[in-house]
Amino acid sequence: MINKLTAKIQKTKAPIVVGLDPMLSYIPKHIQEKAFHEFGETLEGAAEAIWQFNKEIVDKTYDLIPAVKPQIAMYEQFGIPGLQAFKKTLDYCKEKDLVVIGDIKRGDIGSTSAAYATGHVGKVQVGANKIAAFDEDFVTLNPYMGADSINPFIDVCKEEKKGMFILVKTSNPSSGDFQDQLVDGRPLYELVGEKVAQWGSDFMGDSYSYVGAVVGATYPEMGKTLRKIMPKAYILVPGYGAQGGQGKDLVHFFNEDGLGAIVNSSRGIIAAYKQEKYARFGEENFAEASRAAVEDMVADINGALEAAK
Ligand SMILES: O=c1ccn([C@@H]2O[C@H](COP(=O)(O)O)[C@@H](O)[C@H]2O)c(=O)[nH]1
């Protein structure tokens with residue numbers, strides 16, 4: 001899967017991932033009304049609205065992008081119908097040949113992590129059958145419970161040739177509360193970065209590892225340091241757009257081969273039609289606005305990479 005991700009980034013020339021993080025407040029009235037007419041103002045109605053919204057965005061952008069990152073929390077808030085919409089979204093994106101990164105941020109004691117790994121990237125044994133449940137290509141993981149929370153994912157991913165992005169330095173304002181604390185004189189995120197490099201060293205694709213890292217666009221200097229600590233790890237970079245990150249901040253997240261980082265934007269793409277810049281599209285054409293926002297994001301990042309050469 002890491003080879004597929006790298007190849008798709010090279011083919012599209014778009015080192016970006018569209019975050020499918022639908023909130024009802026982003027979903028145009030005409031979609032909500034249709035879904036509520038059919039299913040009522042219920043969890044089922046909400047789930048139908050987010051599925052129709054996602055589908056239109058995917059239809060209008062899939063030819064420009066290598067990957068999507070559905071955030072499971074946005075679906076879980078609608079309970080079981082929400083999780084069904086999550087699964088429908090994953091399957092549809094895979095039909096469109098997109099790489100799917102499930103933003104699930106799991107990590108628990110070994111036996112529980114093993115169950116999460118089975119459900120999200122593996123296959124569960126049911127009688128004589130082995131069945132893939134959610135079946136993402138990559139997942140995000142929280143490593144702060146230690147190696148035994150990550151190892152089950154490594155085992156399952158090795159079997160399935162799938163991958164993971166491990167939280168190293170997150171984009172949020174209080175990420176420093178714990179991640180920046182000094183341990184033997186070094187920030188904790190650097191030590192986690194070293195561990196990611198170590199985990200990845202015996203789980204390599206052709207040029208990059210199946211074990212990637214999450215580093216926020218909002219911390220460019222730390223991104224530069226972590227790039228050197230984890231040269232073979234793909235870095236998933238959230239924090240672009242709605243959280244303030246811009247192309248010029250991201251140059252040092254990439255390696256000299258122009259690869260090694262994939263930048264996420266969720267609200268900045270899926271709710272683009274709400275921004276003044278894309279207001280010309282109108283609510284009806286929200287997915288066209290998302291397409292324009294993808295094109296602008298790619299131009300911003302590639303422009304910054306060119307300028308830095
Ligand atoms: O450090 C992190 C890790 C994950 N995220 C997730 O990425 C998206 C960001 O959404 P935007 O709308 O582009 O701000 C969201 O799913 C977060 O849970 C992150 O922001 N930072």
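Colleague: Hi! Quick one to start: is Arg106 buried or exposed?

Modeller: Hi! This is a predicted model, and in it Arg106 has a relative accessibility of 13%. The cut-off for buried is under 20%, so Arg106 counts as buried.

Colleague: Thanks. Where does Arg106 lie, and what does its side chain make a polar contact with?

Modeller: Arg106 is part of strand E3. Its side chain pairs with that of Glu76 in a polar contact at 3.4 Å.

Colleague: Let's switch to the ligand. Which residues come nearest?

Modeller: There are 15 residues around the ligand, and the nearest are Asp21, Gln71, Ser171, Gln243 and Arg267.

Colleague: How far is the side chain of Asp21 from an oxygen atom of the ligand?

Modeller: An N or O atom in the Asp21 side chain is 2.6 Å from a ligand oxygen. For Gln243, a side-chain N or O atom is 2.8 Å from an oxygen atom of the ligand. With Ser171, the ligand atom is a nitrogen, and a polar side-chain atom lies 2.6 Å from it.

Colleague: And how much of the ligand does the protein bury?

Modeller: The protein buries 87% of the 460 Å² that the ligand exposes when taken alone.

Colleague: Nice. Which pocket is that space?

Modeller: The ligand takes up the second largest pocket.

Colleague: Which elements give two or more residues to the shell around the ligand?

Modeller: Those are strand E3 (99-106) and strand E12 (261-265). Strand E3 is also where Arg106 lies.

Colleague: Last one: how do the shell residues divide into nonpolar, polar and charged?

Modeller: Seven are polar, five are charged and three are nonpolar.

Methods: Residues are numbered from 1 along each chain as its sequence is written. This is a predicted model: local features need pLDDT of at least 70, side-chain atom pairs count only at pLDDT 80 or more; totals for chains, interfaces and linings use all residues. Side-chain values use heavy atoms; hydrogens and water are left out. A residue is near a molecule or strand if one of its heavy atoms lies within 4 Å of it. A polar contact is a pair of N or O atoms within 3.5 Å; within protein, one must be able to donate a hydrogen and the other to accept it, and residues adjacent in sequence count only if both atoms are side-chain atoms. Accessible areas come from the Shrake-Rupley method with a 1.4 Å probe; for residues, only the protein chains shown count as cover. On a 1 Å grid over the protein atoms alone, a cavity is a set of points where a 1.4 Å probe fits but cannot get out, and a pocket is an open set with protein on both sides within 12 Å along at least five of seven lines; lining residues have an atom within 4 Å of a point. A molecule sits in a cavity or pocket if more than half of its atoms lie within 2 Å of its grid points. Helices (H or I, at least four residues) and strands (E, at least two) are DSSP runs, numbered from the N terminus. Ala, Val, Leu, Ile, Met, Phe, Trp, Tyr, Cys and Pro count as nonpolar, Asp, Glu, Lys and Arg as charged, and the others, Gly among them, as polar. Buried means under 20% relative accessible area, exposed over 50%, partly exposed in between (1.4 Å probe, protein chains only).
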